[in-house]
Amino acid sequence: MKKTTIFVMAVLFTFAFAACDNNASSFREMKNICEDIEKNFEKYTEQDFEKLTARFSELEKEMETRELTDSEKKELAKLKGRYYGAFTKGAIESTKKEIKKISEEFGSVVEGFIEGIK
C-alpha cells in the first residue's frame, strides 16, 4: 500500500511539473514573439504577420484553457498587451515613414510646379 501511495504521488508531481513546464514554455514562446516583433517589425511581410498572429492567438487560447495562477494570469495579460503594443508601434512607425516619403515626393511636385510657373 505504501509503494502504491508513493507511486501515485510521484505521478502527480510529474504531471504538476510537466504542466508548469508547459506553461513556462508557452510564456517563453509568447515573449519571444513579442521581442521579435519589437526588433524586426520592418522585416516582416504580411504573410509573416498572419503566421505570428495565428501562433500568438493559438498560444493565448491554449493558455486560457489551463488552470493558471494569479501571477500567470497577470503574465498572460501583460504579454497580450506587449504583443498588441509592439504590433501597433511598428505599424505607426511604418506609417510615419510612408507619410514622410509621400510628403517628400509631394514637395518635389510642388517645387516643379513653382518652377513651371516661373
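I take a salt bridge to be a side-chain nitrogen of Lys or Arg within 4 Å of a carboxyl oxygen of Asp or Glu. By this rule I looked up Glu42 and Lys97, which form a salt bridge with their closest N and O atoms 2.2 Å apart. The two belong to distant parts of the chain, Glu42 sitting in the loop between H1 and H2 and Lys97 in helix H3 (residues 70-117), 55 residues apart.

I note that this is a predicted model, in which local features need pLDDT of at least 70 and side-chain atom pairs count only at pLDDT 80 or more, while totals for chains, interfaces and linings use all residues. Residues are numbered from 1 along each chain as its sequence is written, and side-chain values use heavy atoms, with hydrogens and water left out.

Helices, as I use the word, are DSSP runs of H or I with at least four residues, while strands are runs of E with at least two, numbered from the N terminus. For accessibility I call a residue buried under 20% relative accessible area, exposed over 50% and partly exposed in between, with a 1.4 Å probe and protein chains only. On that scale Glu42 is exposed at 55%, whereas Lys97 is partly exposed at 45%.

**Salt bridges**

I counted nine salt bridges under the rule. Glu29 and Arg55 meet in one of them, at 2.7 Å from N to O. Because Glu29 lies in helix H1 (residues 2-40) and Arg55 in helix H2 (residues 46-64), the pair ties together parts 26 residues apart in sequence. Glu29 is partly exposed at 28% relative accessibility, and Arg55 is partly exposed at 27%. I also found Glu29, Arg55 and Glu58 linked in a network of salt bridges. Arg66 forms a further bridge with Glu62, the closest N and O atoms being 2.3 Å apart, and Glu62 is partly exposed at 29%.

**Helix H2**

Which residues of H2 are buried? They are Phe49, Leu52, Phe56, Leu59, Glu60 and Met63.

**Aromatic rings**

I pair rings of Phe, Tyr and Trp (its six-membered ring) if their centres lie within 6.5 Å, with planes under 30 degrees apart counted as stacked, over 60 as edge-to-face and the rest as tilted. The search of the whole structure gave seven aromatic pairs. In one of them, Phe49 and Phe87 have ring centres 5.2 Å apart and planes at 80°, so the pair is edge-to-face. This pair links helix H2, which holds Phe49, with helix H3, which holds Phe87, across 38 residues. Phe49 is buried at 11% relative accessibility, whereas Phe87 is partly exposed at 29%.
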